[in-house]
Amino acid sequence: MSTNTPTEHHEYDVLIIGAGGAGLRAAIEAKQRGLKVGIITKSLLGKAHTVMAEGGMAAAMGNVYEEDNWMVHFRDTMRGGKYLNNYRMAELHAKESPDRVWELEQWGALFDRTKDGKILQRDFGGHRYARLAHVGDRTGLELIRTLQQKVVSMGTDVFMECKVLRLLHDQDGKIAGAVAYWRASGEFVTFSAKAVVLATGGVGKSWKFTSNSWEGTGDGHAMAMWAGAELIDMECIQFHPTGMVWPLSVRGILVTEGVRGDGGVLRNSEGERFMFNYVADMFRGETAETEEEGDRWYEDHAAGRRPPELLPRDEVARAINTEVKAGRGSPHGGVYLDIASRRPAEFIRRRLPSMYHQFMELAGVDITREAMEIGPTCHYIMGGVKVDADTAATKVPGLFAAGEVAGGMHGANRLGGNSLSDLIVFGRRAGMGAADYIEGLQGSATLNQGEVDAAIAEALAPFNRENGENPYDIQRDLQEMMQANVGIIRTGSEVEAAIETLENFTERVQNISLKGGRQYNPGWNLATDLPSMLTVSKCTARGARDRKESRGGHTREDFPGTDEQLSKVNIGHTLAGNDWTASIKTEQIPLLPIPAELKALLEEGK
Amino acid sequence: MFEERKAVTALESSTQVVLGGTRGGPDVSTLRQDRWWLQPVITVSILTSFVIYATWAAFQGVNYFVGATGVHELISPFYSPCLSTSCVEGSSPFGFAFNVGSLSPALIILIFPLGFRMTCYYYRRSYYRAFWWSPPACAVADGHTNYSGETRFPLVIQNAHRYFFYFGVVFNVLLTYDAIRSFHVVGGGWGISVGSLVLTLNATLLWLYSLSCHACRHICGGQVRSFSQHPIRHKLWKLATPLNAKHMNFAWASLFVVALTDVYVRLVSSGAIRDLVFF
Amino acid sequence: MSDVTMRIWRGDSTGGQFENYTLEQNEGEVVLDVIHRIQATEAPDLACRWNCKAGKCGSCAAEINGKPRLMCMTRMSDMPEGPITVTPMKTFPIIRDLVTDVSFNYAQAEKVPALLPPPMPEGGYRIFQEDVERSQEFRKCIECFMCQDVCHVIRDHEDNKQHYAGPRFFIRYAELEMHPLDTNDRRDLIREDMGLGYCNITKCCTEVCPEHIKITDNAIIPLKERVVDAHYDPVAWLGRKIRRKTKVSAQDAAVQPAP
């Protein structure tokens, strides 16, 4: 039977939490340094959200355009991030990603090729040159499989379906391990480690419409913060304006911009093509005024101006948001994206084959016959644990972070293709950073038993309560609340309301009661994820309150422009206490000053 | 093709695997509700009918050749090449013959086309499923408690498929020769009859069946590691690949037509019908 | 819309039974949506593995009306009338409800000798699209393990798990055997230790593959043919002998100083 104390204990040099691209890459690096490495993942190995990435990984290899180099890539990244980036991360990323991609090839990755046998690179939004190494539209799968196979061939211990509850400190306050439970058995397990690398990915599961899987609950963000680290830029979240909201089977799946580029239009529940009502002054000159003019543009770009459906992502998303809030949304909280009534079925199938097949296969939705119900969908968080660029070290000794859980690399907005390369560049750096840190380590560590006991007691509490709340109800309410109040377009009053409501959620989570036992119980698993979800939601809401401007992935309806003072700072969050329910301290942190030679690079491109 | 490569052995695995663990779900042979048994029933019916007919036809030893008595020379594919001293005059293409007494000439040669089909990857799939129930259909329990696949005698012989393929090609050449000869009018000149068209169709389908064979695809170029370094093999492989995708269709079509050809020649030869001559 | 009854197997290694859940059917749902609704209401402890819910991660494999399917890719509207049976994959030991212990597959993955490429030249390898296409097909595999589940060699014969890798790993070996950069020869390994000969090419793996990988035609049969090259084919063996000789002499010729 299940026991309430850990019966299993493991010791490692480096413990890696998360088995996506960043975690696996960190493991390889630490392994190559001769260290004993353990990887913990909430799912099975190879199922991480990295597999969802389609487009490719950005690396200035110059295979397609010889003019491309790290300086251009650096400039594109900084510009895309609205200069909120940690410049050093952007620099390292641009310089090192080509080598990381070539390295993957030595480990078995098979990228699409150019005519002369090099790795083919494709164009993507925000990148000046065709720069994304890719394999069809399954680059993420290729990345994860390559790293997974490399890790396995090196003989690394992988703890699958194991959920980490807390990071543990030693007597000096250094990170010294973690406490977790096996999902299959419900038994607790402790790990001691000289260094811990967080690579837990994103936070999207706190929103109703998201492309993230159940795993995207922000565990790493939250655990880092509970352990004393600092989160930054948590308000900067990338939403895609056209994610499917219905049918359920495809909720969150992104609808490519190509649908609008090929003639798809947005309509509200009254059938009105509403985007014409949302053309901001700065876009009037280049945007069509009538439907006729917009339709002419598709045929001949010189015969009319662009239809308003093709305004920048945030403009489109804002318009959708306003329509829904005004009660003109579709039955499931989105609007209609209609290409069926505007283009022949044959044209749609030819131009958008993967969209057509995806919706046909997953939902039986024939996009050549009916309109899609779409809405802004949470996709990626730019913010995360504040780290040192070169070593991926957080401010807590022994704790490192890489990938989506780390903040700073992408600033206020991430370019497509920069996330996969981020994983391998900083995954490796985290492995290196941890190995270097261990070399300088002296003395032996003792796990703080009090932390172990507290984490276990908290995890088990819902089994001892009666007539409490169902965790699924709390999750659903949280998602709806965050979508409504801290969604793609924010206003001061709604964000304030969210901050207040989140305190109620804290109380509700402490009143969960559960059915069934500990063995593979998804209800319990969710109950242990909810504290993380709440912690990150709180930080996002507080960041959104304090950044009184619109920048990148953060849009304030009441502050539509940028703010000079806020352009120089990150908004950081720390915990004022060591319990997850403790209050959060939010403050402005000045950006790292950019060295003159890099600044010159940025000026060049302006 | 034969790049120098180093043989490697399996690595150690540290993951503990539970053998003989309890399985989930009810202990029944299948939970399928569709008509999964239909396919095996069809396969058994067709293959059994063919085997019965072919056996009967092969043991006849008569009515397999239409020679000087007809307008066009026709020979049954079951009896070509006719290599017995007992062969009907004009039916033997070579200058030699084996004395096998009263044994039907078909029995000398039938092992080759039979072997080609028996070891064919597609037929193996069909008869393992339909006749051997191993398994009868996907996610339906195997009909046997022990199973060693193709690792032991006799089934290890399936690995000889490519040799039967080579023989099959030789037979195809001979049957093509038969088909061409069937356009020749006895006594001089050329013409077309139903019989000559039947033999041509038969030879064509047999070529398609052979060239779409998996062993053929491998020999053409499937075996190379780098196509860019073997452009001709790559071209051949690209020709064989779409044919290979249709191997099943060719397998069935050629099976029907081989039997049909024998039936037709037999009917003409026995005088039951006359070969319809177009010109 | 009308109600639907889900007949879900619930239990663990000590035994189990079917339980019926009747709930309203919503438009456009897949089986996994319905399972999630059951979890969120009647049975929060109903165990089921899933991740991406878009057919890309391969976590949610189960047997629906007796056939291995991804729950996220099986539309309710395609199901026949009557209760829908959902059971865990049969080939692997049960953990709980719809979740099985798939460690057999991870153990097989550990045995695979890795790619051994030649040293990389400056600026990366030069390999061409036609060189990578065959192996790229196998790298589409999302490791749902349904091919392993449906393969009767281990589904119906537990003892074969000791010497049989299964379709998922045959495509992995095929990928490496066809990899333009690899210098290892795994043909004896595939025959002796991975049990390729146990496969009787009945093609169920190909039938259930959600990525539509032609496992049998493009991986297993080419591997069987390669094993024939290495092991069963006297002509190929002779060819190798001759080739090796001429190759060596060609190399000898190459080191001769030019006159």
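In chain C of this predicted model, the side chains of C:Asp185 and C:Arg187 meet in a salt bridge, with N and O 3.1 Å apart. Are these two residues buried or exposed? Both C:Asp185 and C:Arg187 are buried. The general idea behind such pairs is simple: side chains of opposite charge can pair when their charged atoms come close.

Elsewhere, salt bridges that share partners link several residues of chain A into one network, made of A:Arg25, A:Glu29, A:Glu96, A:Arg100, A:Glu103, A:Arg428 and A:Arg429. Over all chains, the count of salt bridges comes to 81.

Here are some of the individual pairs, with their N to O distances.

| Salt bridge | N to O distance |
|---|---|
| C:Asp185 and C:Arg187 | 3.1 Å |
| A:Asp281 and A:Arg284 | 3.3 Å |
| B:Arg129 and C:Glu207 | 2.9 Å |
| B:Arg125 and C:Glu207 | 3.8 Å |
| C:Arg139 and A:Glu142 | 2.6 Å |

## A pair within one helix

The pair A:Asp281 and A:Arg284 sits inside helix H7 of chain A, which covers residues 281-284. The two residues are three positions apart, about one turn of the helix. How accessible is A:Asp281? A:Asp281 counts as exposed because its relative accessibility is 63%, over the 50% cut-off.

## Where chain C meets chain B

Two pairs of chains touch, and the most contacts are between chains B and C. This contact takes 84 residues from chain C and 71 residues from chain B. The size of an interface is often given as the accessible area lost when the parts come together. For chain C and chain B that area is about 6400 Å², with 52% of it on carbon and sulfur atoms.

Nine salt bridges cross this interface, and 48 residue pairs are in polar contact there, counting pairs with both residues at pLDDT 80 or more. On the side of chain C that touches chain B, helix H9 (residues 215-232) of chain C gives the most, with 10 residues.

Which residues of chain B does C:Glu207 pair with? One partner is B:Arg125, with the closest N and O atoms 3.8 Å apart. Another is B:Arg129, at 2.9 Å from N to O. This second pair runs between chains, from B:Arg129 in helix H4 (residues 121-130) of chain B to C:Glu207 in helix H8 (residues 204-208) of chain C. B:Arg129 has a relative accessible area of 9%, so B:Arg129 is buried. C:Glu207 is partly exposed because its relative accessible area is 45%.

## Where chain C meets chain A

Chain C also touches chain A: 61 residues of chain C are in contact with 59 residues of chain A. About 5000 Å² is buried between these chains, and carbon and sulfur atoms give 54% of that area. Four salt bridges cross the interface of chain C and chain A. One salt bridge joins C:Arg139 to A:Glu142, whose closest N and O atoms are 2.6 Å apart. There are also 34 residue pairs in polar contact between chain C and chain A, with both residues at pLDDT 80 or more.

Several elements of chain C give two or more residues to the side that touches chain A, including helix H1 (31-40), strand E6 (94-96) and helix H3 (129-138). The largest share of that side, four residues, comes from H3(C).

What about chain A and chain B? No contact joins chain A and chain B, and their closest C-alpha atoms lie 8 Å apart.

## A look at chain B

Chain B has nine helices and three strands. Read from the N terminus, its elements run β-α-β-β-α-α-α-α-α-α-α-α. The C-alpha trace of chain B spans about 80 × 50 × 35 Å along its principal axes.

Of the 279 residues in chain B, 46% are buried. Among contacts in chain B with a separation of 6 or more, 70% join residues 24 or more positions apart. Chain B exposes about 13700 Å², with 68% of that area supplied by carbon and sulfur atoms.

B:Ile42 belongs to helix H1 (residues 38-60) of chain B. With a relative accessible area of 39%, B:Ile42 is partly exposed, so it passes the patch cut-off of over 30%.

Conventions. Residues numbered from 1 in each chain as written. Chains lettered and ligands numbered in written order. Heavy atoms only, no water. Buried < 20%, exposed > 50% of the residue type's maximum accessible area, 1.4 Å probe, protein only. Contact = heavy atoms within 4.5 Å. Buried area = accessible area lost by both parts, 1.4 Å probe. Polar contact = N/O pair within 3.5 Å; in protein donor to acceptor, adjacent residues only side chain to side chain. Areas by Shrake-Rupley, 256 points an atom, 1.4 Å probe, with all protein chains shown as cover.
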